[in-house]
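Subject: Structure handover

Hello,

Here is the structure for your set. Please load it first, then read the notes below.

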Amino acid sequence: MPQQPNPQQPRKQPTGKKPGFNLTWVYFAVIAGLAIMLYQGNSGSAGGQKQEVDYSAFRAYVQKGYAREVVVDKSESEVRFVVQPQHIREVFKAGSDKVGTRPTVAAKYPTIDKVTDFLDKNYKGVVRYEESSNYFLQLLGSLLPILLLVFLWFYMFRRMGAGGPSGGIFSIGKSKARIIEKDGKNGTNVTFKDVAGLEGAKQEVQEIVEFLKCPQKFTKLGGKIPKGALLVGPPGTGKTLLAKAVAGEAEVPFFSMAGSDFVEMFVGVGASRVRDLFQQAKEKSPCIVFIDEIDAIGRARGKSSAMGGNDERENTLNQLLTEMDGFGTNSGVIVLAATNRVEILDHALLRAGRFDRQIYVDLPELSERVAIFKVHLAPLKLDPDLDVELLARQTPGFSGADIANVCNEAALIAARHGSEKVGKQDFIDAVDRIVGGLEKTSKVMTEEEKRSIAIHEAGHASVSWLLEHANPLIKVTIVPRGQALGAAWYLPEERTITTKEQMLDEICSILAGRAAEELCLGRVSSGALNDLERVTKRVYAMVAYYGMSENLSNICYYNSQGDYGFSKPYSEKTAELIDAEVKRMVAEQYDRAKRLLTENAEKHKALADLLCEREVIFTEDVKNIFGPRPWKSRTDVLMEEEAVKLAEARTRKLEAEEAKGEAEGAKGES
Ligand code: ATP
């Protein structure tokens, strides 16, 4: 007797943990179903053996009256019957204990008309006509598409949910944040020491670590702990590195996620992941949440509605805005985010109360580059004569990531040459390679082409030497590199602002390549494509953005928010004026370059000849031909000021030591 449930017995309490959804059960159910169907499909012959005979033998059996339950299977062209129990032994030469109680005899019939006619005349019972006897195949045929769809559906869900913490479809709305615990679990070993330079930015994030470690210090005076800080700056300047250092230094849990991790093809998943992330963070408060490349979700809302919109991204952003400063309080959760496109972020995200602080992480200055070089040179085996400052001076405009790349490339170059140590030349080659691409010594050029390139490059070098604000040259080569046929390296000044005169001088020196070709060869070539592109962009920016042209002064059509879309913010008439101004300014600088080259034709020719002969020339060679430049560059001035400061500090230290020595001497005498 089955046991009745005992009402007295306490019911099993749910454990709080839902039974796990396991895809294996689905597979199992499908396979079991198929097996059952297979069994049923074959059950037509269940209950006895089947004997195949030819059609004439079949006819003989029917005429003798052995047949019952005759079936004509049209799809198989088969006719069969169950043998009458009393005739089993005659047909099978064995009893029903061996062949079963319902053994069948089957035969292939010649045509359906013949078999029907024969049965009408010789068989008294009812004949069953079938299209197919294999139910299983029939069923499978109709079920297969559905089964395939079900399988694909599960497979897709499984794949999409696979990235979640526990996998499966139900984890799709969970955040994919990587948690770095305070006890060093999954921890990074990056600390503030690994981040070179960036003193200002470092100080600001260090303060955030302080807020979390010791909030009372700030709250006792009534201040509130900031909710978030946004690290903004060009690519490769160390924003992610800084965040990793915060994770390494802060003794609180650190949740790290990329903006794109919120995005999924399902509606509502992004918002749900944001909710889940903050839920987890609140449970572990105080803690830091870091969202890298936040522009993937933080882009200004409502801009792209004309193009179909992206409601999913907007929902995710709305949820983020609510979590950061909605009704919910996230006490103790500080959000750090990084982006290099702050201008496209939604204003609501940037307002105080959400990202209270914007920390600018800019391209490193000379002294910062020295520090970054020192960090990345530490693991290399270096030539003791290597001058780190020189390396830093030769890499203006390089980001931290570029510098890391230079150091690695130099080590690879040294290894390729079989050197024991990485030397100065390896670094110079690495910088050249990164700036200009790989040298293509195999490219075949005629003498005429070589001369043309030398004249072009010498044009740039001469004019940039002769103009006060143009960048002084470091090296010119006519060996093709990357896409370029020749290349010139300059030492750009590290300026915070650029004047109109500086811009015009640079434009003039860029145009000097083509001007030299026209003057010396009487024709121009396609080699100036890159120069012309740069010039056009710069002059357009001067006219339309910086308001630096005479006829369109002090007007800026630049829009940092990018909300003009496809329409121009000025009239057709103004567009024509902009075009005219751009043309005029380019023509003026081109004429200026030609004039300078004509005035210094001899020197320009000497430089071009030297370049043809040696293929590579350096600052010293230009100085020998043109004489020293009468102007000092800003970098020179800065270096001199630095040297003066150092000398003053050294003198002060010496004086202090002397005074101390004298005082001690006087004490000894007394
Ligand atoms: P992106 O905006 O493209 O994501 P990012 O600003 O986040 O760039 P990181 O990923 O932090 O750049 O930096 C890339 C690499 O550059 C670092 O792993 C590190 O090796 C090097 N680097 C950048 N800045 C510094 C620095 N100040 N000191 C030492 N190394 C640095």
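Predicted model: local features only at pLDDT ≥ 70, side-chain atom pairs only at ≥ 80, totals over all residues.

Strand β7 (residues 228-232) and strand β10 (residues 333-339) pair in the parallel sense, over 5 bridges.

**The six-stranded sheet**

Both strands belong to an open sheet of 6 strands. The order is β6-β8-β9-β10-β7-β11, and the pairing is mixed. Edge positions go to β6 (178-180) and β11 (357-360). Each has a single partner strand, so one side of each lacks a neighbour in the sheet. From one strand to the next, the twist averages 20 degrees.

Two helices to look at here:

- Helix α7 (residues 199-213) lies across β7, β9 (287-292), β10 and β11. It runs at about 140 degrees to β11.
- Helix α9 lies across β6, β7, β8 (254-258), β9 and β10. Its angle to β9 is about 165 degrees.

**The ligand**

α9 (239-249) also matters for the ligand shell: α9, α14 (366-377) and α16 (400-416) each supply at least two residues of it. There are 18 residues around the ligand. Ala 196, Lys 239, Thr 240, Leu 241 and Asn 340 come nearest. By type, the shell divides into 8 nonpolar, 7 polar and 3 charged residues.

- Asn 340: an N or O atom in the side chain, at 2.7 Å from a ligand oxygen.
- Leu 241: a polar backbone atom, at 2.8 Å from a ligand oxygen.
- Thr 237: a polar backbone atom, at 3.2 Å from a ligand oxygen.

On its own, the ligand has 630 Å² of accessible area, and the protein covers 79% of that.

**The three-stranded sheet**

A further open sheet has 3 strands, in the order β13-β12-β14. The pairing is antiparallel. β13 (487-490) and β14 (616-618) stand at the edges. Each of these has a single partner strand, so one side of each is left without a neighbour in the sheet. Here the twist averages 10 degrees from one strand to the next.

Strand β12 (residues 473-477) is joined to β13 by 4 bridges. One to check by eye: Leu 473 has Tyr 490 in β13 as its bridge partner.

Helix α18 (residues 447-466) lies across β12 and β13, at about 20 degrees to β13. Helix α22 (residues 601-614) packs on the sheet too, touching β12 and β14. The direction of α22 makes about 130 degrees with that of β14.

Best wishes

Methods: Residues numbered from 1 in each chain as written. Heavy atoms only, no water. Pairing = 2+ DSSP bridges. Axes fitted to C-alpha atoms, helices over the stretch in contact; angles between N-to-C directions. Contact = heavy atoms within 4.5 Å. Near = heavy atom within 4 Å. Polar contact = N/O pair within 3.5 Å; in protein donor to acceptor, adjacent residues only side chain to side chain. Areas by Shrake-Rupley, 256 points an atom, 1.4 Å probe, with all protein chains shown as cover. Nonpolar A, V, L, I, M, F, W, Y, C, P; charged D, E, K, R; others polar.
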